[in-house]
Amino acid sequence: MTVLRPPTPAALQALRQQLSQAPDGAVSAPKAPAGPNPEGSPASAAEARAAAATGLAHTAVARGVRTLGGAIEEIFLPRRAAGEHDVVIEVEFCGLCHSDVHAARGEWGGRALPFVTGHEMVGRVVAVGSAVSAHAVGDRVGVGCLVGSCRECAACLRGQEMFCERGSVGTYGAWDRFHAERTQGGYATSIVVAEDFVLKVPESLDPAAAAPLLCAGITSYSPLRAAGVGEGTRVGVAGIGGLGHLAVKLAVAMGAEVTAFTTSQAKLEAARALGAHRTVLSNDPAAMAAEAGTLDVVIDAISAPHDVNALLKTLRPTGRLAQIGLPPGGDAGQAVDAALLVRNGLSLVGSKIGGIPETQEMLEFCARHGVATDIETVDAQHLGEAWDRMVAGDVRYRFVLDNSTL
Ligand SMILES: [Zn+2]
Ligand SMILES: [Zn+2]
C-alpha cells in the first residue's frame with residue numbers, strides 16, 4: 001500500500017529550487033517556428049485541425065505576441081503528440097480574460113516568446129491517448145486555468161489543484177514539468193491536455209457563452225459555495241464586469257437575495273437585468289450608509305484600488321467578504337480597518353479560481369439553472385481591439401474568440 005505523505009520542508013525547498021531553475025520568466029529561444037510561414041507550418045487552419053485529429057505531434061495555428069506588449073500576430077504553435085493520458089481538443093471558442101492582457105503586455109513579468117494566451121476554452125475532443133477513460137472523441141469539453149499539478153499533495157487530494165504544494169501548471173506561460181514544455185493557451189486551433197484537467201461541458205450550454213465559465217465562472221462560483229450561499233442568503237456583489245456579472249447570476253440561481261454595487265449609473269439598470277434584486281451606487285456615501293449591516297456575504301470583484309472598508313461595513317455580524325478581483329499591481333491600495341473586523345466578527349478572505357471537481361460541479365450547476373455568460377464574440381483579426389476595449393471596460397461582459405476565424 002502506498003501511503004501519501006506531505007513533502008518534508010527539505011523536499012519542498014528542493015522542489016522550489018528546481019522550479020526556480022526552470023526557465024520560467026526567462027525570455028528564452030522560442031520553440032515555435034518564428035515564421036511568417038516557416039518550413040513545416042500548416043498551409044491553413046483547416047490543415048492544422050486535420051493534423052490535430054491524428055493525435056500526432058502537430059502545429060496549431062494561433063494568435064499571440066512575439067514581443068511583450070507587441071501586436072497580436074499569427075503564431076505557429078507546436079503541440080505534442082497525445083500521450084496515453086492526453087486529450088487532443090479542437091478549440092471552438094476561447095474567452096478573453098484580463099489576465100491575458102496583463103501577461104502579454106509584460107505587466108506580470110517576463111515570458112518566453114512567442115506567447116499565446118487564453119484559458120477559457122470550449123471545444124471538441126478529436127483524439128485521445130490509449131489510456132484515456134473519462135473523455136471520448138466527439139465530446140464537448142473545456143479547459144480552464146490549469147493543465148497540471150502533482151495529484152499527490154494534500155491540496156490536490158482535496159481537489160484544490162490551484163493550491164498544489166508543488167506548484168500547479170498554468171494553461172499558458174508556465175513551465176510544464178510533466179511534459180518538459182512551456183504551456184501555450186487557447187487562442188489556437190488545438191490544444192493537448194492531460195485528461196484530469198479536461199472538463200465535461202454539458203451539451204445544453206451554448207459553447208461560446210460557456211467558455212468564460214472556465215475562469216470567470218469558477219472564480220465567482222467558488223467563493224459563493226465556500227460561504228454556503230443558498231435560499232435567502234443576502235449577497236452583495238461589488239464590481240459588475242466579467243466576474244461580477246457572473247457572480248450576480250450565480251448567486252441569484254442559488255436562491256440568494258442579491259445587491260449589486262457599482263460606481264456606474266449606467267450599470268445600475270444593467271445589474272437589474274442580470275437579476276440583481278437591489279442596486280447601489282457605491283460612490284454615493286449616503287447610499288452606502290443605508291446598506292450598513294445588511295449583507296451576509298460580499299463578493300468583491302473590483303480589480304482597481306477601492307475602499308474595502310466601505311464594503312465591509314455592509315456586512316452583518318459574522319459576515320464574510322471574499323476578494324476575487326486582482327488589481328494589476330496585486331494591491332488594492334487600501335488598509336483594512338481591523339476594528340471593523342473585530343467588532344463584528346467579520347471574515348475577509350481571498351479566492352482563486354477553483355479546483356477541477358468544483359469546476360465540473362459549476363458547469364453542471366450552470367446547465368441546470370441556465371446560467372451563461374453575456375458575451376460578444378470576436379474574430380481573430382480583431383483581438384487587439386477587443387483587448388483594448390476590455391481594458392477600457394467597454395464590453396458587456398466578456399469577449400469570446402471564435403476560433404473558427406483563426
Ligand atoms: Zn482568467
Ligand atoms: Zn499537488
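These are my notebook entries on a predicted model of one protein.

**Entry 1. Overall counts**

I began with the totals. The protein has 406 residues, and 47% of them count as buried. I found 13 helices and 19 strands in the protein. I then looked at contacts between residues at least 6 apart in sequence; 68% of these join residues at least 24 apart.

I looked up strand E1, residues 58-65, next. Eight of its eight residues are buried, so E1 is largely enclosed by the rest of the structure. I noted which residues point which way. His-58, Ala-60, Ala-62 and Gly-64 point one way from E1, while Thr-59, Val-61, Arg-63 and Val-65 point the other way. Both sets are buried. In a regular strand the side chains alternate between the two faces of the sheet.

What does E1 pair with? Its partner is strand E2, residues 72-79, joined to E1 by eight bridges and running antiparallel to it. I picked out one pair: Arg-63 has Glu-74 of E2 as its bridge partner. E1 and E2 form a hairpin, with six residues between the two strands. In the turn, Gly-69 has a positive phi of about 85 degrees.

**Entry 2. The six-stranded sheet**

I traced an open sheet of six strands and wrote down the order as E14-E13-E12-E15-E16-E17, with parallel pairing. Which strands stand at the edges? They are E14 (278-281) and E17 (347-350); each has a single partner strand, so one side of each is left without a neighbour in the sheet. Neighbouring strands of this sheet are turned by 20 degrees against each other on average, direction ignored.

I checked one pairing inside the sheet. Strand E12 (residues 234-238) and strand E13 (residues 257-262) run parallel and are joined by five bridges. Val-235 stands opposite Val-258 in E13.

I then looked for helices on this sheet. Helix H8, residues 265-273, packs on the sheet and touches E13 and E14. The direction of H8 makes about 165 degrees with that of E14. Helix H7 lies across E12, E13 and strand E15 (295-300). H7 runs at about 170 degrees to E12.

**Entry 3. Helix H6 and its two partners**

I followed H7 on to helix H6. H6 (residues 216-226) and H7 (residues 242-253) pack at an angle of about 50 degrees, with their axes 8 Å apart. That angle makes H6 oblique to H7. The crossing of the two helices is right-handed.

I listed the residues that meet. From H6 they are Ala-216, Gly-217, Thr-219, Ser-220, Tyr-221 and Leu-224. From H7 they are Gly-242, Leu-243, Leu-246, Ala-247, Leu-250 and Ala-251. By class, this contact has eight nonpolar, four polar and no charged residues.

H6 also packs with helix H12, residues 356-369, at an angle of about 95 degrees and with the axes 10 Å apart. H6 and H12 are therefore roughly perpendicular to each other. Here Gly-217, Ile-218, Tyr-221 and Ser-222 of H6 meet Glu-358, Thr-359, Met-362 and Cys-366 of H12. I sorted the residues of this contact into four nonpolar, three polar and one charged. Gly-217 and Tyr-221 are listed in the contact with H7 and also in the contact with H12.

Most residues other than glycine have a negative phi, and most peptide bonds are trans. I looked for departures from this.

Which residues are joined by a cis peptide bond? Leu-113 and Pro-114 are, with omega about -5 degrees. Pro-114 is in the loop between helix H3 (98-104) and strand E4 (121-128). The peptide bond from Arg-396 to Tyr-397 is also cis, with omega near -10 degrees. Tyr-397 lies in the loop between helix H13 (383-391) and strand E19 (398-402).

Ala-180 has a phi of about 50 degrees, and Ile-353 has one of about 35 degrees. Ala-180 is in the loop between strand E8 (175-176) and strand E9 (181-182), whereas Ile-353 lies in the loop between E17 and H12.

Are they buried or exposed? Ala-180 is exposed, with 9 other C-beta atoms within 10 Å. Ile-353 counts as buried, with 24 C-beta neighbours inside 10 Å.

Terms used
Residues numbered from 1 in each chain as written. Chains lettered and ligands numbered in written order. Predicted model: local features only at pLDDT ≥ 70, side-chain atom pairs only at ≥ 80, totals over all residues. Buried ≥ 20, exposed ≤ 12 C-beta atoms within 10 Å, placed from the backbone. Helix = DSSP H or I, 4+ residues; strand = E, 2+ residues; numbered from the N terminus. Pairing = 2+ DSSP bridges. Axes fitted to C-alpha atoms, helices over the stretch in contact; angles between N-to-C directions. Parallel < 35°, antiparallel > 145°, perpendicular 65-115°, else oblique. Left-handed = near helix turned anticlockwise from the far one by under 90°. Contact = placed C-beta atoms within 7 Å. Nonpolar A, V, L, I, M, F, W, Y, C, P; charged D, E, K, R; others polar.
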